[in-house]
Amino acid sequence: MRSSNQKTAAKLYHVDFGGKNILFTTQTEHRHYLELELHFPHAGIRADFFNENIDFIKEGLANNLSYLAENIVANLKTVHQKFREMPEHERQEIISNNIVRQKLKEVLDSDCILYCPMYWGKTLVDSVCKKLLAYLKEKDERHLKYSELEYPTIYKELFYRYGSCEGIHYYPPNVRPNYWFRKFESDEKNKSVSLKKLNCYYHSNSLPESHADTVGYEEFIKPETSRIPFFIGTQFGTTPKITPQLKNDLEGQNIAMLYKSQLSGFESVLKICKVKDGAFVVLDEYLNTQEGTIRTHTIQEETDSASFFSSDEIIYRYIHEGQNYFVTKKDVPDAGGFIITMLRPFREMQWNYPGNEILSENEKQQIMPELIKYLNQLYNIVNSNTQNWKRDFDRFNLLNRERSPEFNMNFYVEMIFADIGNNPAVFPDALCGNWTKSFLKTVLKEILETGGFKYGSESSHLLGFEYMMREGNKTVIDVTPYSDEERRAVFSKLTDQEKINLYAAMKEGYGSQFDRLVALWINNSDSY
């Protein structure tokens, strides 16, 4: 039997972070301790992590650590940008005085809104400083990061070294397997069914040309029992592009959608979907693996597919005084709380809730409306004072020219923060953590430097945003407090796809106030 403290072999993992690739390896020496090394887009960045509440050997590494790799990469993007923009004299000062560590800490504290000190131990800081110093001396971008174009080559090298990669598989275009097509073709129900392609550009794919007809638009949308439209879906969109008009023209028909990564070239699955009420309901799927069987979906089964649900895809809606607010939530287990980020009507405004105890998903959703109201209040205070703060700061700077601009900036930020950050009417202790107050300082500094307020100045039309959510098949959970009658009325207006998304979220532990209605609907009950 293996000891729980025995060192495990390094394993390679892949994370898709906002359409960008992250490759890292991890290994454990203790069930509560692990080592992580980034290989792409940054090489030679190492970190160690200890958490007595997580048993890495028992629970696995990938699920617990993708957020750690993402946090490091997100902050390094800001750090690298700041070091790139440094004037030459400042670079030379850092090199000659060996103060790269001090400068890194300044950037992390002042500019990295996602910076979590608990993640940045000595090993990580040392490796980042080493890379930054090499970049300042040699001015070689590869000390900071690799180009996304280098990903396939680096991935193959790592794959051969470690023998496997959890998350994706890479195939050069000339050896791309198409097990999905063989399964589709051999399925009894498809013996008299072929595919048709629109006469337009398609992403490269392994569909044999002899097995698909290329047709014009009218023939492409024409309902046929022997031919169905063929699409390719990637992280960068679909070909042909799915427009509202095309969806409307295909309503009630079956289509074939091949899911493919544009970066790795890997084709993962072919899904046969029915276009119903503007949504794509999966009927069958053909995985691009040599093993496995063909899956036929019912309404309940189609929510079991991982492609239908990801906690990162959840958007929470709150309606207050006729205004719609949309936020995302990121759980922070180590802090016992979570962070919400407003998407609309004010972009990027953030608030963190420090839980004193572990909260359930339902409890978090009950707290959200109160946090969103305070977030709205904070936005209005900052937005209405932006011009006055900038004007007064410029005057203050002029009157205190003997002090450094950096000192004046920090001093004035603290003055404003003292009025807002310590005001319990704006930041009640029970609902606000230090992270949100630190984020406010970042906002204040930006206002004093530029006179602008990027976090809230770019509002977007909500109808357009709701359309984008539907197109992206986002799971929307309404956290507005409703009476039973109101809840039933809201639920009755949801599309079938929206209800399916709520059911998938519920099964993964992200239930909502609509759980009972969703369960009844799934069971084909009319009692709701």
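Biologist: Which backbone oxygen does the side chain of His42 reach?

Modeller: The side chain of His42 reaches the backbone oxygen of Leu144, at 2.8 Å. A polar contact is a pair of N or O atoms within 3.5 Å; within protein, one must be able to donate a hydrogen and the other to accept it, and residues adjacent in sequence count only if both atoms are side-chain atoms. Before going on: this is a predicted model, in which local features need pLDDT of at least 70, side-chain atom pairs count only at pLDDT 80 or more, and totals for chains, interfaces and linings use all residues. Residues are numbered from 1 along each chain as its sequence is written, and side-chain values use heavy atoms, with hydrogens and water left out.

Biologist: Is His42 buried or exposed?

Modeller: His42 counts as buried because its relative accessibility is 3%. Buried means under 20% relative accessible area, exposed over 50%, and partly exposed in between, with a 1.4 Å probe and protein chains only.

Biologist: Where does His42 lie?

Modeller: His42 lies in the loop between E3 and strand E4 (45-50). Strands (E, at least two residues) and helices (H or I, at least four) are DSSP runs, numbered from the N terminus. Pro41 lies in that loop between E3 and E4 too, and the peptide bond from Phe40 to Pro41 is cis, with omega near 5°.

Biologist: Which residues do ring pairs link into a cluster?

Modeller: Phe393, Phe396, Phe407, Phe411 and Tyr412.

Biologist: Which lysine lies over the face of Tyr259?

Modeller: Lys271, at 5.0 Å from the ring centre. For a charge to sit over a ring, NZ of Lys or CZ of Arg must be within 6 Å of the ring centre and within 35 degrees of the ring normal. Lys499 lies over the face of Phe491, at 4.8 Å from the ring centre.

Biologist: Now strands. Why is E7 largely enclosed?

Modeller: Strand E7 (residues 227-234) is largely enclosed by the rest of the structure because 8 of its 8 residues are buried. Strand E5 (residues 194-198) runs parallel to E7, joined by 3 bridges, and Lys196 stands opposite Pro229 in E7. Another 4 bridges join E7 to strand E9 (residues 254-260), also parallel; there Ile232 stands opposite Leu258. Two strands pair if DSSP finds at least two bridges between them.

Biologist: Last one. What is the phi of Lys139?

Modeller: Lys139 has a positive phi of about 55° although it is not a glycine. Most residues other than glycine have a negative phi. Lys139 is in the loop between H5 and H6, and counts as partly exposed because its relative accessibility is 49%.

Conventions:
Phe/Tyr/Trp six-rings, centres within 6.5 Å; stacked < 30°, edge-to-face > 60°.
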